[in-house]
Amino acid sequence: MILTVTLNVSVDKAYKIKGAVCPGTVSRVDECRNTAGGKGLNVARIADLCGEDVLAAGFAGGFNGDYVKAMLCEDGIQSRFTKVKGESRSCINILAGDGTSTEFLEPGAPVEEEEWHRFLKDFEELVRESHVVTISGSAPRGLGADCYQELIEIVKRQGKQVILDTSGEYLREGLKAKPTMIKPNQEELEDLLGVEIKNREDLILAGKKLVSQGIPYVVISLGGQRSFDDM
């Protein structure tokens, strides 16, 4: 089984409007689409489409948390979230008629220390049932930058494979636990290593540097670029 961890789940709302986003004005929404959001839940959907046995875990709280679980159930994806007091966040993406996309991403309600320890207990059990663990996206307030490092160490103690896809301090601290695989993009690599990547050779050298630090697999995303030739 693949266990996907999304600590900062959300109700993602896509609003379609005519024209452009104009600050200080009222816009009528032509269409609204709600989905269970968070990077780890996107991983769960793709793994499920590939025919893998998947379980989604993380924090869920309030009406939004229940709504996320219900939408995942509709998608046929099993979940076992740790319940928290705070309301799970909402994130809004305004898709304007002029082709632009404007996002408003809530930070997520703070997680209390007792809730984090409950999650760790749940996580230990879920890892025992899994073969591969993926940890993706941001973390809610209340958790330290080393929260993913702690999760990776738990997975590795049980001899399982763990994939980390995050950025900033969460990535920097998470690397200390030597995950099986990471998936940084060019910007995240530059921030992590303090270098400027100008071409394909720079990109490869940056990836090799992380491999030399004990990360077995470094998969580098080029984002919107179609190939190295676009650099």
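Trainee: Which residues line the second largest pocket?

Mentor: Rolling a probe the size of a water molecule over the atoms shows where empty space is left. In this predicted model, the lining of the second largest pocket consists of Ile2, Val43, Ile46, Ala47, Val132, Thr134, Ile135, Ser136, Ile163, Asp165, Met181 and Lys183. The pocket has a volume of about 230 Å³. Eight of its lining residues are nonpolar, two polar and two charged.

Trainee: Which element gives the most to this lining?

Mentor: Strand E9 (132-136) does, with four residues. H1 and strand E10 (161-165) are also among the elements that each supply at least two.

Trainee: What is the volume of the largest pocket?

Mentor: The largest pocket has a volume of about 570 Å³. Of its 24 lining residues, Gly38, Lys39, Arg89, Glu103 and Leu105 are the closest to its centre. Its lining comprises five nonpolar, twelve polar and seven charged residues.

Trainee: How many salt bridges does a search of the whole structure find?

Mentor: Side chains of opposite charge can pair when their charged atoms come close. The search finds ten salt bridges here. One of them joins Glu129 to Arg80, with the closest N and O atoms 3.3 Å apart. Glu129 lies in the loop between helix H3 (113-128) and E9, and Arg80 in the loop between strands E5 (78-79) and E6 (82-84), so the pair ties together parts 49 residues apart in sequence.

Trainee: Which residues form one network through shared partners?

Mentor: Asp191 and Arg172 form a salt bridge at 3.4 Å, N to O. Asp191 belongs to helix H6 and Arg172 to helix H5, so this pair links parts 19 residues apart in sequence. Salt bridges that share partners join Glu169, Arg172 and Asp191 into one network.

Technical notes. Residues numbered from 1 in each chain as written. Predicted model: local features only at pLDDT ≥ 70, side-chain atom pairs only at ≥ 80, totals over all residues. Heavy atoms only, no water. 1 Å grid on protein atoms, 1.4 Å probe; cavity = no way out; pocket = protein on both sides within 12 Å on 5 of 7 lines; lining within 4 Å. Points joined across faces, edges and corners; volume = space filled by probe spheres on them. Nonpolar A, V, L, I, M, F, W, Y, C, P; charged D, E, K, R; others polar. Salt bridge = Lys/Arg side-chain N within 4 Å of Asp/Glu carboxyl O.
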